[in-house]
Amino acid sequence: MLAIQTRGLTRRFDGRHGVTDLALEVPAGSVYGFLGPNGAGKTTTIRLLLALLREEAGEIRLFGEPLSWTRRAPLSEVGSMVETPSLYPHLSGRDNLEVTRLLLDGETASIDEALALVGLTADAERRVREYSLGMRQRLGIALALMRRPRLLVLDEPTNGLDPAGIVELRALLLRLAGERGITIFLSSHLLSEVEQIASHVGVLHQGQLLFQGTQESLRRRHGDPLAIRCGDARAVCDSLAHLGEQPQLLDEGTVSVPAPRRADHEINRCLIERGHAIHAFGRRPHSLETLFFELTGQEART
Ligand SMILES: Nc1ncnc2c1ncn2[C@@H]1O[C@H](COP(=O)(O)OP(=O)(O)OP(=O)(O)O)[C@@H](O)[C@H]1O
Ligand SMILES: [Mg+2]
């Protein structure tokens, strides 16, 4: 069962790419990290998914139900937060939720439930103007939860949060996915962030999907680089190049071979035979960041 499925989804702006021929497949129950650098088309995609923007071509299905600019019924099962949540600063957290409850004609209990889920019960009576940014983000998510959605769509929810706020939000999202079975689709350019919560990843670049699948399949496809810690990294690099490998000097004591041609044990033996002092030898798991830059063909900005 797919929570989100798009086919050929396209929306351009004056001939420039917004998103082109997008085929998203977001399994129900997944936490899907939608990754891309600034201007990749993440917000455009999310606005299309929420029928806030008119599609130019293609189709969207949410839980199998067709959605379009003119057919919005499937959105009743979707909670969303695009950019910063719109809140009334002079009202308390609880009263902000009450406004939404009245609009949705929801039950009173849904407010306490949403407050508890995002950990704002103790601060519910304080005015939102006194809230920290992290608290506002969580209240924004509480607003999105008022519909008791099956799918939560969040555009860069960690934007502007400090590390503690990010940790808190990550825990909240994992709880919503784990305990409530809510499918979570979130965009981010913080690759390290997505790596820690997403079961599935889509990588968007210049409006096109470069990769989509589980995190593991992404890693499998690209393999983990061989990392060698040694006494003289420059000399080891020379030896590896001599063997026909393509080593990278990471620092004075570390060499990486992203895609070794020979078997690891063979490389190890050759280096030892040449008299190199090898301190550590093994595969180092890719960070999503290096994978991302491999996919987009851009250099990592370190
Ligand atoms: N309303 C619009 N009118 C014209 N061009 C637009 C409009 N909205 C988006 N674009 C263009 O579409 C492209 C994708 O923008 P989008 O906002 O979707 O990127 P993004 O991935 O969300 O970037 P960011 O990480 O900066 O939020 C950009 O080139 C942008 O300039
Ligand atoms: Mg954006």
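This is a predicted model: local features need pLDDT of at least 70, side-chain atom pairs count only at pLDDT 80 or more; totals for chains, interfaces and linings use all residues.
The shell around ligand 1 comprises 13 residues, of which Gly39, Gly41, Lys42, Thr43 and Thr44 come nearest. By class, this shell is made up of seven polar, three nonpolar and three charged residues. Two elements of secondary structure, strand E2 (16-22) and helix H1 (42-49), each contribute at least two residues to the shell. Oxygen atoms of ligand 1 take part in several polar contacts, among them one of 2.5 Å with an N or O atom in the side chain of threonine 44, one of 2.9 Å with a polar backbone atom of glycine 41, and one of 3.0 Å with a polar side-chain atom of asparagine 38. On its own, ligand 1 has 640 Å² of accessible area, and the protein covers 65% of this area.

Turning to the cysteines, the structure contains zero disulfides. For cysteine 237, the closest cysteine sulfur is that of cysteine 230, and because the two sulfur atoms are 7.7 Å apart, they are too far from each other for a bond, given that a disulfide requires a pair of cysteine sulfur atoms within 2.5 Å. Cysteine 237 is counted as buried, since its relative accessibility is 11%. Cysteine 270 likewise takes part in no disulfide, and the cysteine sulfur nearest to that of cysteine 270, again belonging to cysteine 230, lies 15 Å away. With a relative accessible area of 10%, cysteine 270 is also buried.

Definitions and conventions
Residues are numbered from 1 along each chain as its sequence is written. Chains are lettered from A and ligands numbered from 1 in the order in which they are written. Side-chain values use heavy atoms; hydrogens and water are left out. A residue is near a molecule or strand if one of its heavy atoms lies within 4 Å of it. A polar contact is a pair of N or O atoms within 3.5 Å; within protein, one must be able to donate a hydrogen and the other to accept it, and residues adjacent in sequence count only if both atoms are side-chain atoms. Accessible areas come from the Shrake-Rupley method with a 1.4 Å probe; for residues, only the protein chains shown count as cover. Helices (H or I, at least four residues) and strands (E, at least two) are DSSP runs, numbered from the N terminus. Ala, Val, Leu, Ile, Met, Phe, Trp, Tyr, Cys and Pro count as nonpolar, Asp, Glu, Lys and Arg as charged, and the others, Gly among them, as polar. Buried means under 20% relative accessible area, exposed over 50%, partly exposed in between (1.4 Å probe, protein chains only).
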